[in-house]
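Biologist: Hi, thanks for making time for this one. Please walk me through the fold, starting with a residue you find handy.

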Amino acid sequence: MSFAVDQIDLSMTSPDTGEYLTANVYTVPGVTEADGKTPRLLSIGQLVMAICLQRAYILENGVLGVDGKRTDGIIPIMDEMNTTSAKLEKMTDIEKTVLDYGCYMSDITKNGIVWEGTNYTCRDFLMYIVEMDPSSIPTGQVTASDSDFITALESKMDELNTFSQEKMIELQSYTNKRDQAYDMISNVLKSLNTTIIGNINNM
């Protein structure tokens with residue numbers, strides 16, 4: 001976050017030196033007065049809070065990439081984990097169908113998968129959505145006797161489970177950093193409150 005520094009005249013003089021007193025004030029892009037145009041003058045405490053709030057926002061919502069998607073944040077990671085869980089659920093359904101009845105991989109009328117409102121054959125779902133190796137996915141009917149396909153399917157499921165575990169660790173890290181930003185804001189507020197009360201008591 002970028003910010004600008006300026007000084008304001010406090011309209012008072014130092015009782016010790018007789019010099020006019022000034023104070024540093026800060027402006028941050030996007031932080032304005034009620035009119036939405038005039039930059040708001042912030043004290044150092046308010047600046048720290050603005051920076052911490054911005055950091056917390058980025059940690060929660062992620063960074064917008066050139067593709068228009070957000071990454072590296074609590075919400076994007078949770079979305080990824082939810083998507084991965086949904087894929088694993090569909091893959092489990094496919095495996096169960098294969099083991100129980102046999103699955104027609106390329107026949108959408110007999111065995112199909114609905115993903116985000118679109119109908120896929122089981123083969124297309126595994127190939128395009130799950131990104132399994134096409135050579136490991138049969139085109140016809142698959143039964144429990146096709147151990148190579150089942151092994152490949154379970155291997156991909158293990159890969160997605162590992163991905164989810166890694167994302168869980170990443171999520172915890174971002175959550176801790178977000179909480180630290182909020183703790184900093186709380187500490188600044190307490191400090192400002194203590195200063196204000198001290199000034200009032202000294203009047």
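Modeller: Let's start with Phe149. Apart from neighbours within four places in sequence, Phe149 is in contact with Val98, Met105, Leu126, Ser136, Ile137, Pro138 and Val142. Contact here means heavy atoms within 4.5 Å.

Biologist: Before I go on, what sort of model is this?

Modeller: This is a predicted model, so local features need pLDDT of at least 70 and side-chain atom pairs count only at pLDDT 80 or more, while totals for chains, interfaces and linings use all residues. Residues are numbered from 1 along each chain as its sequence is written, and side-chain values use heavy atoms, with hydrogens and water left out.

Biologist: Good to know. Which residues touch the most other members of the largest nonpolar core?

Modeller: Met91, Met105, Phe125, Leu126 and Phe149 do, out of 23 residues in that core. A nonpolar core is a set of buried Ala, Val, Leu, Ile, Met, Phe, Trp, Tyr and Cys residues joined through side-chain atoms within 4.5 Å. Buried is under 20% relative accessible area, exposed is over 50%, and partly exposed is in between (1.4 Å probe, protein chains only).

Biologist: Which elements give two or more residues to this core?

Modeller: Helix H2, strand S6 (112-115), helix H3 (122-129) and helix H4 (147-202) do. H4 gives the most, with six residues. There is also a second, separate core of six residues, and Leu59, Ile74, Met81 and Tyr174 are among them.

Biologist: Let me zoom out. How many helices and strands does the protein chain have?

Modeller: Four helices and eight strands. These are DSSP runs numbered from the N terminus: H or I with at least four residues for helices, E with at least two for strands. Along the sequence the pattern reads β-β-α-β-β-α-β-β-β-α-β-α.

Biologist: And what share of the protein chain is buried?

Modeller: Buried residues make up 29% of the 203 residues. On contacts, take those between residues at least 6 apart in sequence: 46% of them join residues at least 24 apart.

Biologist: Now the helices. At what angle do H1 and H2 pack?

Modeller: Helix H1 (residues 44-61) and helix H2 (residues 74-100) pack at about 10 degrees, and their axes are 3 Å apart. That makes H1 roughly parallel to H2. By convention, under 35 degrees is roughly parallel, over 145 roughly antiparallel, 65 to 115 roughly perpendicular, and the rest oblique. The axes are lines fitted to C-alpha atoms, for helices over the stretch in contact, with angles running from 0 to 180 degrees between N-to-C directions.

Biologist: Which residues make that contact?

Modeller: From H1 there are Leu59, Glu60 and Asn61, and from H2 there are Ile74, Ile75 and Pro76. They divide into four nonpolar, one polar and one charged.

Biologist: How far does H2 reach from its first C-alpha to its last?

Modeller: H2 has 27 residues and reaches 39 Å, close to the 39 Å expected at 1.5 Å a residue. The expected span is 1.5 Å times one less than the number of residues. H1 agrees too: its 18 residues should span 26 Å, and its end C-alpha atoms are 26 Å apart.

Biologist: I have my eye on Leu88. Is Leu88 buried or exposed?

Modeller: Leu88 counts as buried, at 12% relative accessibility, and it is found in helix H2. Leaving out neighbours within four places in sequence, Leu88 is in contact with Met157, Leu160 and Asn161. The C-alpha atoms of Leu88 and Leu160 are separated by 7.4 Å, although the two residues are 72 apart along the chain.

Biologist: What about H3: how many of its residues are buried?

Modeller: Six of its eight residues are, so H3 is mostly covered. The buried residues are Cys122, Arg123, Phe125, Leu126, Met127 and Ile129.

Biologist: Last topic, backbone angles. What is phi of Glu131?

Modeller: Glu131 has a positive phi of about 65 degrees although it is not a glycine. Glu131 lies in the loop between H3 and strand S8 (141-142), and at 59% relative accessibility it counts as exposed. Asp72 also has a positive phi, near 55 degrees. Asp72 is found in the loop between strand S4 (70-71) and H2, and it counts as partly exposed at 40% relative accessibility.

Terms used
Ala, Val, Leu, Ile, Met, Phe, Trp, Tyr, Cys and Pro count as nonpolar, Asp, Glu, Lys and Arg as charged, and the others, Gly among them, as polar.
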